[in-house]
Amino acid sequence: MSLKHAVLAALLEGEASGYDLAKVFDVAVANFWSATPQQLYRELERLAGDGLVEARVVPQERRPNKRMFTLTDAGRAALDDFAVAPPRPTAIRDELMVKIQSSDGADPDAVRALVEERMGWARGKLARYERLRERLLDGRDEDTYLRDAERIGPYLTLMRGRSFEEENLRWGERVLDILARRTSPAGRS
């Protein structure tokens, strides 16, 4: 997958500026795709050049004009084609896992701190995801939302992001427990 498709998918929510898209990526898309604001702006320019998005300028007082982007019919068709094509297998690149893999001789307190930091990030993301979930549900229960909402894709990806972070917390608790048992006098006998 390329950033192109993630941007096109984010524009399904409606017209957005580059700044708006950066906020969407930070909250709603970050659980499965990350991009810096600079990458988003470059990609929006490419997509506009390829005719997949359309840009209009909105004049602003006391601030630079902003450009608002929307999907074109060609962009929606490209996204529809992408949505049904078989995905490539997921490739995980996680620096923490490399650190854990090589941690047997490292300071256990430092290793614990790394795991606790990851768990803190997971808790923070879960809190953001819960706020997004409440905003999507807008007072409805999940079954009603999934039955009646115009678009369910954002909720389905949110479910995956929540599951991922919940698993990060379960894994972290297990690792901390194992490390505690290995460093306790009873665990070494």
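1. Lys125 is partly exposed, with a relative accessible area of 26%. In this predicted model, the side chain of Lys125 meets that of Glu165 in a salt bridge, with an N to O distance of 3.5 Å. The pair links distant parts of the chain, since Lys125 belongs to helix H6 and Glu165 to helix H8, 40 residues apart. Is Glu165 buried or exposed? At 4% relative accessibility, Glu165 counts as buried, because the cut-off for that class is under 20%. Lys125, at 26%, is therefore placed in the partly exposed class, which lies between the buried limit of 20% and the exposed limit of 50%.

2. A salt bridge also joins the side chains of Glu173 and Arg123, at 3.9 Å from N to O. Glu173 lies in helix H8 and Arg123 in helix H6 (residues 108–137), so this pair ties together parts of the chain that are 50 residues apart in sequence. Glu173 is partly exposed, with a relative accessible area of 45%. Arg123 counts as partly exposed too, at 44% relative accessibility. As a general point, side chains of opposite charge can pair when their charged atoms come close.

3. Which residue forms a salt bridge with Glu130? The partner is Arg133, and the closest N and O atoms of Glu130 and Arg133 are 3.7 Å apart. These two residues are 3 residues apart in helix H6, which means that about one helical turn separates them. Glu130 counts as partly exposed at 28% relative accessibility, whereas Arg133 is buried, with a relative accessible area of 17%. Glu130 and Arg133 also belong to a network of salt bridges that includes Glu134 and Arg162. A search of the whole structure finds 16 salt bridges.

4. The largest nonpolar core has 20 residues, and those touching the most other members are Val7, Leu8, Leu11, Leu21, Phe25, Leu40 and Val53. At least two residues of this core are supplied by each of helix H1 (3–10), H2, helix H3 (37–49), E3 and H4. The largest share, 5 residues, comes from H1. A second, separate core holds 9 residues, including Val111, Ala122, Leu176 and Leu179. In soluble globular proteins, nonpolar side chains tend to be buried together.

5. Val53 deserves a separate comment. Not counting residues up to four places away in sequence, Val53 touches Leu8, Leu11, Leu44, Leu47, Ala48, Phe69, Thr70, Leu71 and Thr72. Two of these contacts, Leu8 and Leu11, are listed with Val53 among the core residues that touch the most other members.

6. Where is Thr72 found? Thr72 is in the loop between strand E3 (66–71) and helix H4 (73–84). Thr72 is buried, with a relative accessible area of 14%. Leaving aside residues up to four places away in sequence, Thr72 touches Gly51, Leu52, Val53 and Glu54.

7. Gly51 is likewise a loop residue, found between H3 and strand E2 (53–58). Gly51 is partly exposed, with a relative accessible area of 32%. With residues up to four places away in sequence not counted, Gly51 touches Thr72, Ala74 and Gly75. The C-alpha atoms of Gly51 and Asp80 are separated by 15 Å, and these residues are 29 residues apart along the chain.

8. Ala28 has its place in helix H2 (residues 18–29). Ala28 is partly exposed, with a relative accessible area of 23%. A distance of 12 Å separates the C-alpha atoms of Ala28 and Leu11, which are 17 residues apart along the chain.

9. Ile152, Leu156 and Met159 make a nonpolar surface patch of about 230 Å². Leu156 is found in helix H8 (residues 153–183) and is partly exposed, with a relative accessible area of 42%.

10. The last point concerns confidence. The protein chain has a mean pLDDT of 90, and 97% of its residues reach 70 or more. Which element has the lowest mean pLDDT? Among the elements of the protein chain, it is helix H9 (residues 185–188), at 64. Helix H7 (residues 142–148) has the highest, at 96.

Methods: Residues are numbered from 1 along each chain as its sequence is written. This is a predicted model: local features need pLDDT of at least 70, side-chain atom pairs count only at pLDDT 80 or more; totals for chains, interfaces and linings use all residues. Side-chain values use heavy atoms; hydrogens and water are left out. Helices (H or I, at least four residues) and strands (E, at least two) are DSSP runs, numbered from the N terminus. Buried means under 20% relative accessible area, exposed over 50%, partly exposed in between (1.4 Å probe, protein chains only). Contact means heavy atoms within 4.5 Å. A nonpolar core is a set of buried Ala, Val, Leu, Ile, Met, Phe, Trp, Tyr and Cys residues joined through side-chain atoms within 4.5 Å. Patches are made of residues with over 30% relative accessible area and no salt bridge: like charges are joined within 9 Å, nonpolar side chains (Val, Leu, Ile, Met, Phe, Trp, Tyr) within 5 Å. Accessible areas come from the Shrake-Rupley method with a 1.4 Å probe; for residues, only the protein chains shown count as cover. A salt bridge is a side-chain nitrogen of Lys or Arg within 4 Å of a carboxyl oxygen of Asp or Glu. pLDDT is the predictor's confidence in each residue, from 0 to 100.
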